[in-house]
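Biologist: I'm new to this one, so please pick a single part and walk me through it up close.

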Amino acid sequence: VQLQASGGGSVQAGGSLTLSCAASGSTASKLTIAWYRQVPGKRRAPVASINSVDSTAYADSAKGRFTISRDNAKNTVDLQMNSLKPEDTAVYYCESRVDGTEYWGKGTLVTVSS
């Protein structure tokens, strides 16, 4: 399984971004995929996840602002981020676990300016 995260960038507070996690080597629709984020000096923290039956879960900081969804046509899992805040600034990673092995995509940087 290979995961590739994209869609990061710089936005002002209140703006929106959509991150995409493209899966290859396996069908994204069958994977539980999670988004994490990490800021310097802190541990990588979960943001949102979606499982194989499209049940979703969100960190408290993401609830009401972020939406995780699956695009089977593109074989991606997307993270729509609205009402962004400076504290959302981080490197965002997508992750999946298959047969006990954890896979990570390269991160994509999101910078939110005030």
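**A close look at the aromatic rings**

Modeller: Let's start with Leu31, which lies in the loop between strand S3 (17-24) and strand S4 (33-38); strands are DSSP runs of E, at least two residues, numbered from the N terminus. This is a predicted model, where local features need pLDDT of at least 70, side-chain atom pairs count only at pLDDT 80 or more, and totals for chains, interfaces and linings use all residues. Residues are numbered from 1 along each chain as its sequence is written, and side-chain values use heavy atoms, with hydrogens and water left out.

Leu31 is buried, at 6% relative accessible area (buried is under 20%, exposed over 50%, partly exposed in between, with a 1.4 Å probe and protein chains only).

Now the rings. There are two aromatic pairs here (rings of Phe, Tyr and Trp, the last by its six-membered ring, with centres within 6.5 Å; planes under 30 degrees apart are stacked, over 60 edge-to-face, the rest tilted). Tyr36 and Trp104 have ring centres 4.9 Å apart and planes at 65°, so they meet edge-to-face. Since Tyr36 sits in strand S4 and Trp104 in strand S10 (residues 101-104), this pair ties together parts 68 residues apart in sequence. Tyr36 is buried at 19%, while Trp104 is partly exposed at 32%.

Tyr93 and Trp104 are edge-to-face too, at 6.3 Å and 90°. Tyr93 is buried, at 15%. Together, Tyr36, Tyr93 and Trp104 make one aromatic cluster.

Then there's Arg44: its charged end sits over the ring of Tyr93, 3.6 Å from the centre, and over the ring of Trp104, 4.6 Å from that centre (NZ of Lys or CZ of Arg within 6 Å of the ring centre and within 35 degrees of the ring normal).

Conventions
Helices (H or I, at least four residues) and strands (E, at least two) are DSSP runs, numbered from the N terminus.
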